Amino acid sequence: EFLDHPEKKIPMIHVTGTNGKGSVSSMFAEVFRCYGLKVGFFSSPHLKDYPERINIQGNPVSWQLLSEGILAVAGAADKWKSSGGGEPTEFDVLTASAFWIFAKEEVDIAIIEVGIGGTYDSTNVIQPILTVITNIAEDHLDKCGPELADLAAHKAGILKSGVPMVSTVLPGPHREIIRNQAKAVGCPAHFSGEDWQVEGQPNFAFKRERLIFKPLPSLNQDDLAGEYSLSLLGPHQYSNAGVVLAGLSVLQERYPFLKKTAEIGLNQTVWPGRFEIIEKNGQIFVVDGAHNPLGAEALRAGLDEWFADQALTFVVGFLDDKEPEAFLEKLHRGNDQWIGIQPDSDRTMTQERIMSYLAPCQGS
């Protein structure tokens with residue numbers, strides 16, 4: 001309110017889910033950029049520097065522009081506190097700064113990634129043109145739990161009346177929680193398997209994933225059906241790209257997408273640190289930010305797809321609030337080797353504790 005509601009000045013897509021938010025958001029951002037729009041993208045966390053969280057046209061904003069945004073938000077926060085409001089959190093400030101910057105820079109559309117959960121997330125002040133829920137799995141249950149059903153309800157909290165939703169949440173109780181919430185608020189809901197299907201296989205020669213997108217009659221959109229080449233690797237990207245194409249189908253009336261635009265965007269999307277393959281000095285490194293059991297499962301599937309039957313060396317570190325046992329159980333194979341490191345973070349798990357979790361892996 002004290003910033004004159006910058007979030008109301010821009011069409012936005014709101015993305016939540018346990019895993020895949022960043023990949024899905026980056027695909028949306030790149031396709032809209034290829035469509036000729038000026039695109040803002042708000043994500044978290046950053047890999048190296050804070051400006052990465054607020055991205056315009058595929059590039060982090062400058063430190064100067066980020067500073068201007070934070071100073072504007074600081075002034076609004078002072079007015080808010082003077083009128084009886086509370087102390088904003090760090091994420092409140094960053095979220096409001098992103099909205100202010102996107103409005104100032106007059107972006108045509110913004111992709112907004114939820115921080116944690118959905119209902120009480122700072123980003124949930126927006127009225128988007130599309131919402132996306134990728135999946136539901138164990139993570140942040142201390143804040144959004146204690147049960148997965150509670151987490152599903154939190155993520156369904158981003159649904160808005162009249163705003164369509166696309167989701168890859170699997171059939172079962174969590175999908176029904178989301179479906180029921182969609183009905184309650186009057187949100188048109190579309191689910192993978194019910195409204196579209198995907199098939200995929202790796203293209204090793206070109207270091208790409210080959211995707212077939214099949215919209216079903218209930219989606220009522222055939223323009224985007226067909227084959228795509230994905231730059232983001234791993235079989236988990238099939239469902240991520242599928243939900244993006246479903247979202248584009250839903251928005252087809254507002255943005256008449258040419259299939260070629262989606263093909264180019266998905267083929268050149270970049271999202272560092274997500275099954276990123278780097279070749280250096282004759283060695284191959286895979287960099288991935290998996291940090292929960294579902295992420296470990298996706299990482300293992302990607303490794304099995306791209307490096308089948310190869311013994312691997314893992315270099316891993318954990319933050320203190322994570323549960324490595326379930327993570328390692330999904331990831332470990334008997335011929336792998338493990339190296340534990342202590343992350344440079346005030347939330348780090350000690351190296352001694354990390355090594356205690358890795359000990360059973362080393363002995364198998």
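Analyst: Two strands pair if DSSP finds at least two bridges between them. In this predicted model, three strands form an open sheet in the order β9-β10-β11, and their pairing is antiparallel.

User: Which are the edge strands?

Analyst: The edge strands are β9, residues 196-203, and β11, residues 226-230, each of which pairs on one side only. From one strand to the next, the twist averages 25 degrees.

User: And how many bridges join β10 to β11?

Analyst: Strand β10, which covers residues 208-215, is joined to β11 by five bridges, with the two strands running antiparallel. As for a particular pair, I212 has E227 in β11 as its bridge partner.

User: Which helix packs on the sheet?

Analyst: That is helix α8, residues 259-267, which touches β10 and β11 and whose direction makes about 25 degrees with that of β11.

User: Switching to helices α9 and α10, at what angle do they cross?

Analyst: The axes of α9 (residues 293-306) and α10 (residues 324-331) cross at roughly 20 degrees and come within 8 Å. Angles under 35 degrees count as roughly parallel, and α9 and α10 are therefore roughly parallel to each other. Their crossing is right-handed.

User: Which residues make the contact?

Analyst: On the α9 side they are P293, A296, E297, L299 and R300, while α10 contributes A326, F327, K330 and L331.

Key:
Residues numbered from 1 in each chain as written. Predicted model: local features only at pLDDT ≥ 70, side-chain atom pairs only at ≥ 80, totals over all residues. Heavy atoms only, no water. Helix = DSSP H or I, 4+ residues; strand = E, 2+ residues; numbered from the N terminus. Axes fitted to C-alpha atoms, helices over the stretch in contact; angles between N-to-C directions. Contact = heavy atoms within 4.5 Å. Parallel < 35°, antiparallel > 145°, perpendicular 65-115°, else oblique. Left-handed = near helix turned anticlockwise from the far one by under 90°.
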